[in-house]
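Open the model in your viewer and keep the sequence panel beside it.

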Amino acid sequence: MELKQTPLHSIHKEMGAKMVPFGGWDMPVQYTGIIQEHLTTRSNAGLFDVSHMGEIFVTGDANDVLEFLESVTCNTISSMKEGQVQYNAVVNEVGGLVDDITVYKFNETKYMICSNASNYEAVTKHLLKYLKGNVTVVDDSKNWHQIALQGPKADQIFSKYLGKDLSSLLYYHFNELNWKGENIIVSRTGYTGEDGFEIYTSNSLGVNLWKELLEIGKDFGLVPVGLGARDTLRLEAKYPLYGHELNAEWTPVESGINFIVKEKTKPYLGYDRIMADKKNGPKSKVVGIRLMEPGVLRENFPIFSADGKEIGKSTSGTHSPSRKESLGLAILQTEFTKNQTEVFVEIRGQKKLAKVETGAFIQGSVRNNR
C-alpha cells in the first residue's frame, strides 16, 4: 500500500530527515539525531509535524450532540467549558478503545475530536455507526494541518511570532485566532510533558508556519523533531500510545488511563466492564518500569516475578535521554504494580532486574493548570 504524505513531506526530505513508515504515513523519524532532538525539546523547544493526525467535527442540536458524545466516550463531556480541551477515549462495545482522543469544545453545538493518525477513519466509522439525533459527524482531516511546538521556550517563540501574549491561555484550553486571513486553532496541549502548543491551520498556511517558526525560533534554540524523539519524550512523560498501551481489548483502566473513566447516568459503550475495572480493580494494568541493570527495554519483553512466574510484558521501552537509563511501560498483574516492586524483564534470554515506578519519570515544563 502506498504511504500517505503530509504537506511537509518534501520539506522534511530537503532538510535531510530520515523517513520511515508510521501508521500508513511516510514520516520523519529524525533530522540530526534522536537524543539531540529530545534534549533540545526538554531544554529549549522542538517543532513537530503532526499533520497526519485526524480532525473530526461533531455538530448539531446542543442536547443531541452532548447525549451522543457521552454515549461513545468514557470521560464526562458535560463538564467541559467553551474553549476547553479534554483528554478522553472513544470506547467500543466490549469496553476497549477505538482510540484515545482530545475533545475541543467550541460551543454547545460544535466539538472537534483530534484522533490518532492510524485511527481517525476507524473513529469516524464508529461514530457514524452509533449516530443518533440531530447530529452530524464529519471527518475533515484532509483540510487541516497540525504542527506541535513544544518545550520550555515554546511560549516565548510563539508569542513573538504572533506578536501576542499567550500566557493567559491555560493548559488544555484553546483559542481561535485570525491569522493571515484565516481562522486557526491554538491549543496549549502536547505529547511531550513540556509546555507548548498544537496549532491547527489550513495545509498551505501550515507549510509556511513551519518555515517561519523555525526561522524565528533559531534565536531560542528551536529545532525540528522527528518521531523518534517524539516517542522517547512521550515515554518519559508516561503518555500511552495506541497499539502499545492502548488497544481494542483492554479497558481504559487496564491501559493506565483510569483517571478519564467516569460514572454516567446514561451508560456508554462497554460501561459495565469498564466500571467493574474502575471499582474492583483490573486483573492487570499498565505501569511504569525502570531497568536496574544494563540493557534496553523494548516492547513485548516478558516480565517475571521474583519467584519466576510470568506476570506480564513490556508495552513500550527506550533508553531515556533525560534520565540516562532504560525505562518504559508494561502491563503487569495488578498485585505486582505497587511502587518499587521488583520484577525481572527477559532481554535476549537473560532476566534483568527492574522496578515498578508509579511516579513521574520526568518533571517537564508542562503547565498543569487545567
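The model is a predicted one.

**Stop 1: N88**

Select residues 85-91, which form strand β5, and pick out N88 within that strand. Is N88 buried or exposed? Its relative accessible area is 0%, and because buried means under 20%, N88 counts as buried.

Now show the side chain of N88 and look for its polar partners. One is the side chain of T73, in polar contact at 3.4 Å. The N88 side chain also reaches the backbone nitrogen of C74, at 3.3 Å.

**Stop 2: E198**

Move to strand β12, residues 196-201, where E198 is found. In UniProt, an unreviewed entry places the feature "binding site" at E198. Such annotations may be inferred rather than shown by experiment. E198 has a relative accessible area of 9% and is buried.

Which residues are in contact with E198, leaving aside its neighbours within four places in sequence? Select Y104, then Q146, I147 and A148, then I185, V186 and S187, and finally T189 and G190.

**Stop 3: domain 1 against domain 2**

Colour the two assigned domains separately. Domain 1 takes two segments, 8-51 and 142-236, while domain 2 covers 283-369. Their C-alpha centres lie 29 Å apart.

Next, show the residues where the domains meet: 19 residues of domain 1 are in contact with 18 residues of domain 2. Between them the two domains bury about 1,500 Å², with 58% of that area on carbon and sulfur atoms. On the domain 1 side, select Y171, L235 and E236; they supply 46% of the area that domain 1 buries against domain 2, more than any other three residues.

What polar links cross between domain 1 and domain 2? There are 7 residue pairs in polar contact, counting pairs with both residues at pLDDT 80 or more.

To finish, display α2 (34-43) and α7 (227-236), the elements that give two or more residues to the side of domain 1 that touches domain 2.

Terms used. Residues are numbered from 1 along each chain as its sequence is written. This is a predicted model: local features need pLDDT of at least 70, side-chain atom pairs count only at pLDDT 80 or more; totals for chains, interfaces and linings use all residues. Side-chain values use heavy atoms; hydrogens and water are left out. Helices (H or I, at least four residues) and strands (E, at least two) are DSSP runs, numbered from the N terminus. Buried means under 20% relative accessible area, exposed over 50%, partly exposed in between (1.4 Å probe, protein chains only). Contact means heavy atoms within 4.5 Å. A polar contact is a pair of N or O atoms within 3.5 Å; within protein, one must be able to donate a hydrogen and the other to accept it, and residues adjacent in sequence count only if both atoms are side-chain atoms. Domain bounds come from an automatic or database domain assignment. Buried area is the accessible area (1.4 Å probe) that two parts lose on being put together, summed over both.
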